[in-house]
Amino acid sequence: MGNKTESRHFEGEEDHEAPRETGGWRAANCVIEHHFFALLAYSGVSRTLVRYLTIVMKRTNASASSFVLNFSGTSYITPLVGAMLGDSFFGHFRSSLLFAVVYVLGQNLVAFSANFSALQPTQCKSGEEICPATKTWQLAFLYTSLYIVTLGRAGYPAYQVLGATQFHDHRQKADRSAFFTYMFQALTFGYMVSATAVIYVQESFGWGIGYILTALASIFSLFGLLCGVPFYREDYSEGNACAKIFQVLVASLHKCRLSLPPREKLFDDQDPEKSNLDSFYSSDFRFLDKAAIETHDEHSLREGRNPWRLCPLSQVEEVKQILRLVPVCVSCIIFTSIYGQVPTLFVLQGGVMNRKVGNFKVEIPPATMTIFENLTVLLGGYLYNKLLVPTMKKVTGHPKGISPLQRIGTGLCIGALAMTVAALVETQRLARISHSDNLGAEMRIFYLIPQFVLVGIGEIFTYVGLTEFFYDQSPPRMRSVSSSISMFTQAMGNYLSSLLVSIVYHLTTKDGSPGWIPDDLNAGRVDKFYLLLAALCGLSFISFLTIASSFKHRRDIDLDVSSCPSKKTMTSRSSSKEPLLS
């Protein structure tokens, strides 16, 4: 490689040794291109999957919705694996490349399943009352292909860090901030293209052609990643932050029977004068302090200490800071369950409404309605920063208009409102169907716009606020872990929604009743399920208020002076939003 200099890069350090021909926008643009096509391929599958399962694979509405929610949840779990591999073993580029190849494989297997008739159940012929059932191995092939797609999604945190690493010089902070903005825009535009062009092709020309497009998009995403190979500046990790958390837990359990000495006698290898951990000693989770108890044998072996038996106090405090985030994280799970209705029940609901545009013969594909959620996030985020923040600054005096916790709480309220509006629309739709046999009495699909818009507004408050809050309150060396916790929240929300659908289906289909979520939604009561989610979100908001009021903030981060008894000044940090959850 000639005289190329190898350099190590850590946050906060200047990059004087990296060769000028690496890094910068040439490399970052390749990551953004990879991100755009990867999200386009993913949303092209996930946004139409519920209809493909019900129409082609003959799944019930409840089972199809449940699977799509589990599929979405798993796609938020696998990035945790990618983050650990990128941090500890392969590096971010190699991890990104590995999972990009897996992603292409999964997308092409899905396209193969949609185009090869032997992998699909035989469709009903005209006049047949009993249709051939879907074979188990046909479903197994499709489900395996889809879960390979979720495994390919594990590369998301790796290539996001890879892109940010291209601007590691402290003089490039503005470029790094712009990179995260462009990543968010690429995500939104990817969803919008899939919600219009890709879904239109699927509905008009067949599922096979549509899924070929998503497979091609995954190939383009791999090509985009490879285009940056000559320009990438690879970074070197400081170690696996997840391992550091488990080390503290294991060490504290190992010494659970020991008495806790005074703090000054606990082991710590950090010099406060030189450390950039900005951590502090706290009195909560004191059981974990036992991980820093130094026995006589360990004192004599400090240089070769076992990190699974003795941890420095600074590491213990970092773990405590992460644990304080967990209750906030849990209280936001139900909002992800609400967001999970966008590609499932909202789409199924649109499928039984009047989809015609005026007097034209053109019909809107139900999944295309998700574009209103995407547009709301895109435009609403801009208006939030340009209008709401300056206005609220004058009212509250807070440098960000409202604090991240206030932003999250507002989002939870909007989530409950979105489900209430969705329930009212569905109640009105059912009333029109029951009072008229005329198909013209069906409600137009555009009545669903308010619930899509409200969910989008809720995302702007809840998801962005959660990301910002986690970034501010997590230790600098464990911010990748806090990001993973945020994604874990979205996974748990999808799994919870799937569980609720299954429970409601089984409890409401007794004694021959069609239940709340039957195959024919005109005979169901989806509005009651929406009200159930609204009520759960309301309870979640109440628990969130309790958690937020007692939350211990990091000492270097302060809330608004008018609302925080500590009367300090907030340190401003940048934050970015994940694919929705996004």
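The model contains four cavities of 30 Å³ or more. A cavity here is a set of points on a 1 Å grid over the protein atoms alone where a 1.4 Å probe fits but cannot get out; grid points are joined across faces, edges and corners, and a volume is the space filled by probe spheres set on the points. This is a predicted model, in which local features need pLDDT of at least 70 and side-chain atom pairs count only at pLDDT 80 or more, while totals for chains, interfaces and linings use all residues. Residues are numbered from 1 along each chain as its sequence is written, and side-chain values use heavy atoms, with hydrogens and water left out.

**Stop 1: the second largest cavity.** Its volume is about 110 Å³. Select the lining residues (those with an atom within 4 Å of a point), including His34, Ser96, Phe99, Tyr103, Arg153, Tyr159 and Ser221. Helices α1 (24-46), α4 (92-115) and α6 (156-165) each supply at least two residues of this lining, and α4 gives the most, with four. Helices are DSSP runs (H or I, at least four residues) numbered from the N terminus.

Stop 2: The criterion is NZ of Lys or CZ of Arg within 6 Å of the ring centre and within 35 degrees of the ring normal. Tyr42 also belongs to one aromatic cluster with Phe67, Phe71, Tyr143 and Tyr147. For another charge over a ring, select Arg407, whose charged end lies 3.8 Å from the centre of the Tyr384 ring.

**Stop 3: a pair across the chain.** The structure holds 20 aromatic pairs (Phe, Tyr or six-membered Trp rings with centres within 6.5 Å; planes under 30 degrees apart are stacked, over 60 edge-to-face, the rest tilted). Select Tyr339 and Tyr463: their ring centres are 6.2 Å apart and their planes stand at 80°, so the pair is edge-to-face. Tyr339 lies in α12 (residues 333-339) and Tyr463 in α16 (residues 449-473), 124 residues apart. Tyr339 is buried at 8% relative accessible area, and Tyr463 is buried at 6% (buried means under 20%, with a 1.4 Å probe and protein chains only).

**Stop 4: helix α9.** Finally, select residues 241-254, the 14 residues of α9. Ala241, Ile245, Gln247, Val248, Ala251 and Ser252 are buried there. Viewed down the axis, the buried residues of α9 fall within an arc of 155° and so line one face of the helix; the arc is that of the directions from the helix axis to the C-beta atoms.

How values were computed:
Buried < 20%, exposed > 50% of the residue type's maximum accessible area, 1.4 Å probe, protein only. Expected span 1.5 Å × (residues − 1). 1 Å grid on protein atoms, 1.4 Å probe; cavity = no way out; pocket = protein on both sides within 12 Å on 5 of 7 lines; lining within 4 Å.
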